Amino acid sequence: MHQNLGKLDRILRFALAVWWLGSPWAPIFSVEWANWLVVFVGWVSLIESFLGWCWLHTLFGVDNRNQ
């Protein structure tokens, strides 16, 4: 597994994770599964921002480390 995320992408994923996991302005839905989906995406974004690797980028052959 090699890094395939650029610096800006990692920063934006980290900001999304902080927003969705730790702020009072996180989206809250009336459907419980949607709230769990927000938490799941927040954790995935946080992990990907630290690792610098995204499985979807690997699946589609995208490598934006230079951007």
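## A15 in helix 1

At 41% relative accessibility, A15 counts as partly exposed; this class lies between buried, under 20% relative accessible area, and exposed, over 50%, with a 1.4 Å probe and protein chains only. A15 is found in helix 1. Helices here are DSSP runs of H or I with at least four residues, strands are runs of E with at least two, and both are numbered from the N terminus. The C-alpha atoms of A15 and L46 are 8.5 Å apart in space, while the two residues are 31 residues apart in sequence.

## Model and confidence

This is a predicted model, in which local features need pLDDT of at least 70 and side-chain atom pairs count only at pLDDT 80 or more, while totals for chains, interfaces and linings use all residues. Residues are numbered from 1 along each chain as its sequence is written, and side-chain values use heavy atoms, with hydrogens and water left out.

The average pLDDT of the protein is 92, and 100% of the residues score at least 70; pLDDT is the predictor's confidence in each residue, from 0 to 100. Among the elements, helix 2 has the highest mean pLDDT (95) and helix 3, residues 55–60, the lowest (92). Where pLDDT is low, predicted coordinates should not be read in detail.

R13 lies in helix 1, which covers residues 7–22. With a relative accessible area of 15%, R13 is buried. Leaving out residues up to four places away in sequence, R13 touches L5, S45, E48, S49, C54 and H57, where contact means heavy atoms within 4.5 Å.

Side chains of opposite charge can pair when their charged atoms come close. The structure holds three salt bridges, each defined by a side-chain nitrogen of Lys or Arg within 4 Å of a carboxyl oxygen of Asp or Glu. In one of them, the side chains of R13 and D9 meet at 3.0 Å, N to O. R13 and D9 are four residues apart in helix 1, so about one helical turn separates them. D9 counts as buried at 18% relative accessibility.

R13 also forms a salt bridge with E48, at 2.3 Å, N to O. This pair links distant parts of the chain, since R13 is in helix 1 and E48 in helix 2, 35 residues apart. Both R13 and E48 are buried.

Another salt bridge joins the side chains of D63 and R65, at 2.9 Å, N to O. D63 is partly exposed, with a relative accessible area of 40%, and R65 counts as partly exposed at 43%. Salt bridges that share partners join D9, R13 and E48 into one network.

## Aromatic pairs

A pair of aromatic rings is described by the distance of the centres and the angle of the planes. The structure holds two aromatic pairs. Rings of Phe, Tyr and Trp (its six-membered ring) pair if their centres lie within 6.5 Å; planes under 30 degrees apart count as stacked, over 60 as edge-to-face and the rest as tilted.

F14 and F50 form an edge-to-face pair, 5.8 Å centre to centre with 80° between the planes. Because F14 lies in helix 1 and F50 in helix 2, this pair ties together parts that are 36 residues apart in sequence. F14 is partly exposed at 38% relative accessibility, whereas F50 is exposed at 56%. W19 and W20 form a tilted pair, with 6.0 Å between the centres and 50° between the planes. W19 counts as partly exposed at 40% relative accessibility, and W20 is partly exposed at 22%.

## A nonpolar surface patch

M1, L21, W36, V39, W43, I47 and L51 form a nonpolar patch on the surface, with about 760 Å² of accessible area together. Such areas come from the Shrake-Rupley method with a 1.4 Å probe, and for residues only the protein chains shown count as cover. Patches are made of residues with over 30% relative accessible area and no salt bridge; like charges are joined within 9 Å, and nonpolar side chains (Val, Leu, Ile, Met, Phe, Trp, Tyr) within 5 Å.

Helix 2, residues 32–51, gives the largest share of the nonpolar patch, five residues. W36 is found in helix 2, and W36 is exposed, with a relative accessible area of 56%.
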